[in-house]
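I opened a new notebook page today to look up a few things in this structure. Come along and keep the model in view.

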Amino acid sequence: MNDIRILIVEDDSSVSNLIATTLKIHGCEYMKATSGAQAIAAASSLNPQLILLDLGLPDMDGIEVIRSVRSWSSAMIIIISARHEDSDKITALDAGADDYLTKPFSVDELMARIRAAQRRMNWLAMQKEESAVFVNGSLKVDYAANVVSVNDVPVHLTNIEYRLLSLLSRNVGKVLTHSWIISRIWGNEMESDISSLRVYMTSLRKKLRQAGENDIIITHIGIGYQMIRR
Ligand code: CA
C-alpha cells in the first residue's frame with residue numbers, strides 16, 4: 001500500500017486525524033486539506049492518485065470540488081458523507097466520484113475501499129486502450145462478439161441484460177447511480193424507471209448466479225449498483 005498518494009479533504013480534525021493515522025500505519029503517503037479551495041489547489045500541485053473527500057466543507061460544497069478536479073484529473077475520488085445524505089452521494093457519484101464511505105466508518109472499511117480503488121487503478125493502468133475482452137474472476141465479456149461467459153460457459157442474456165452488464169464491467173469498481181444507468185441504457189426517453197431497472201438487474205444476476213458467478217454486482221440501496229473488481 002505504500003505506492004499510493006492520497007489526499008485527505010476533511011475539515012473535522014478528529015476524522016482527518018483518524019484517517020491520517022490509519023494511512024500512516026499502512027505506509028501510505030498522504031497530505032491533508034481542510035477546505036475546498038485547498039483541496040483543488042493540492043489536487044493540482046500534488047497530483048494525488050486517490051482523494052478522500054468530505055462533502056460538507058466550510059467554503060464550498062464537496063460536489064464543486066469533484067466537478068473542478070474531474071475536469072482535468074482522473075484521480076480516484078471516494079466521498080465521505082453522513083448516512084442521511086443519500087441524495088448528495090448520488091449527485092457526487094454522477095459528478096464523477098468513484099465510491100463513497102458513510103460516516104461513521106471503521107478503519108477496516110476505509111482500508112477496504114482504498115484497496116478496491118487501488119485494484120481499479122491497477123486495472124485501468126493495464127487497460128491503456130479498451131481491450132476487446134473483459135475478464136473479472138470467472139466472468140468474461142467479449143465486447144466484440146457480444147458474448148458473456150462464466151468459467152468459459154456461455155451465459156445467454158437478453159439485449160438489455162447484456163448492455164447492463166457491459167456498462168457495469170466497463171465501469172468496474174465504480175458505483176453507478178440508478179439515473180446514470182437508466183440514461184445510458186434507455187437514453188433520454190426514460191421509457192424505464194428504477195423499478196424496471198431492478199427487474200432487469202434481478203434477472204441478470206440470477207443468470208450469473210446460475211452460471212456460478214455470485215455477488216459480483218453489489219446493490220447500493222437507494223443509490224445504484226457496482227461491479228466489484230475480483
Ligand atoms: Ca465536514
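**Entry 1: a strand with two faces.** I began with strand 6 (residues 133–136), where Phe134 and Asn136 make up the covered face and Val133 and Val135 the uncovered one. Strands here are DSSP runs of E with at least two residues, helices are runs of H or I with at least four, and both are numbered from the N terminus. In a regular strand the side chains alternate between the two faces of the sheet.

**A note on the source.** This is a predicted model, in which local features need pLDDT of at least 70 and side-chain atom pairs count only at pLDDT 80 or more, while totals for chains, interfaces and linings use all residues. Residues are numbered from 1 along each chain as its sequence is written, and side-chain values use heavy atoms, with hydrogens and water left out.

**Entry 2: its partner.** I then followed strand 6 to strand 7 (residues 139–142); the two run antiparallel and are joined by four bridges. Two strands count as paired if DSSP finds at least two bridges between them. Phenylalanine 134 stands opposite valine 141 of strand 7. In this hairpin, with two residues between the strands, I found glycine 137 with a positive phi near 60°.

**Entry 3: helix 1.** Which residues of helix 1 are buried? I noted Val15, Ser16, Ile19, Ala20, Thr22 and Leu23 (buried is under 20% relative accessible area, exposed over 50%, partly exposed in between, with a 1.4 Å probe and protein chains only). They cover an arc of only 165° around the axis, which puts them on the same side of helix 1; the arc is taken from the directions from the helix axis to the C-beta atoms. Turned away from that buried side are the exposed Lys24 and Ile25. After helix 1 comes glycine 27, with a positive phi near 75°.

**Entry 4: salt bridges.** I looked up how many salt bridges the structure holds, and there are nine (a side-chain nitrogen of Lys or Arg within 4 Å of a carboxyl oxygen of Asp or Glu). One of them joins glutamate 10 to lysine 103, with the closest N and O atoms 3.3 Å apart. Glutamate 10 is in the loop between strand 1 and helix 1 and lysine 103 in strand 5 (residues 99–103), so the pair ties together parts 93 residues apart in sequence. Lysine 103 also meets aspartate 54 in a salt bridge (3.4 Å, N to O), and Glu10, Asp54 and Lys103 are linked in a network.
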